[in-house]
Amino acid sequence: MDVLKEVFEIIKDRIKNKPEGSYTTYLTTDDSKRAINKICEKIGEEATEAILAAKDGIKRDIIHECADLIYHLFVLLAYSGVEYEELLEEFEKRRKNVGR
Ligand SMILES: N=c1c2ncn([C@@H]3O[C@H](COP(=O)(O)OP(=O)(O)OP(=O)(O)O)[C@@H](O)[C@H]3O)c2ncn1[C@@H]1O[C@H](COP(=O)(O)O)[C@@H](O)[C@H]1O
């Protein structure tokens with residue numbers, strides 16, 4: 001299975017079943033306004049870290065920080081009820097529009 005889809009499905013499972021010790025559980029177990037705030041705050045932090053890594057130009061750090069950012073974006077998408085396939089469809093739509 002596509003590793004990104006696998007991570008997305010694990011995140012969905014964590015949100016649904018809330019296992020103890022899970023970082024995703026920590027981010028998403030709250031009333032919905034607070035949970036969204038917590039997730040979005042992390043997205044802001046991780047985006048800043050990705051930007052700083054890009055400015056430093058160290059490839060390993062760029063990968064690490066962008067992976068952190070993508071994970072947190074996935075948590076936002078899954079928490080908002082978006083399916084992985086819907087994200088792919090959006091990219092697919094855009095790909096088809098290229099070159100028009
Ligand atoms: N991909 C990730 C992932 N990326 C980042 N993180 C967490 O996001 C947090 C990042 O916050 P910080 O940058 O503040 O943490 P940090 O350790 O100080 O910073 P860095 O060194 O990571 O930059 C850390 O606690 C990381 O563990 C992730 N936590 C979980 N996943 C995936 O989600 C799955 C479920 O994880 P749990 O919910 O913990 O079971 C895992 O199997 C992974 O596949």
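This is a predicted model: local features need pLDDT of at least 70, side-chain atom pairs count only at pLDDT 80 or more; totals for chains, interfaces and linings use all residues.
**Helix 1 against helix 4**

- Helix 1 covers residues 3-17 and helix 4 covers residues 59-79; their axes come within 9 Å and cross at roughly 55°.
- As for handedness, the crossing of helix 1 with helix 4 is right-handed.
- On the helix 1 side, the contact is made by L4, V7, F8, I11, K12 and I15, and they meet Y71, F74, V75, L77, A78 and Y79 from helix 4.
- Sorted by class, that contact comes out at 11 nonpolar residues, 1 charged and no polar ones.

**Around the ligand**

- There are 14 residues around the ligand, and R14, S22, Y23, T24 and K42 come nearest.
- T24 puts a polar side-chain atom 2.6 Å from a ligand oxygen.
- For E46, a side-chain N or O atom sits 2.9 Å from an oxygen atom of the ligand.
- D68 has a side-chain N or O atom too, at 3.2 Å from an oxygen atom of the ligand.

**A closer look at K42**

- K42, one of the residues that come nearest to the ligand, belongs to helix 3 (residues 32-56).
- Its side chain makes a polar contact with the side chain of E45, at 3.0 Å.
- Leaving aside residues up to four places away in sequence, K42 touches Y23, L27 and H72.

Key: Residues are numbered from 1 along each chain as its sequence is written. Side-chain values use heavy atoms; hydrogens and water are left out. Axes are lines fitted to C-alpha atoms, for helices over the stretch in contact, and angles run from 0 to 180 degrees between N-to-C directions. Helices (H or I, at least four residues) and strands (E, at least two) are DSSP runs, numbered from the N terminus. A crossing is left-handed if the near helix is turned anticlockwise from the far one by less than a right angle, and right-handed if clockwise. Contact means heavy atoms within 4.5 Å. Ala, Val, Leu, Ile, Met, Phe, Trp, Tyr, Cys and Pro count as nonpolar, Asp, Glu, Lys and Arg as charged, and the others, Gly among them, as polar. A residue is near a molecule or strand if one of its heavy atoms lies within 4 Å of it. A polar contact is a pair of N or O atoms within 3.5 Å; within protein, one must be able to donate a hydrogen and the other to accept it, and residues adjacent in sequence count only if both atoms are side-chain atoms.
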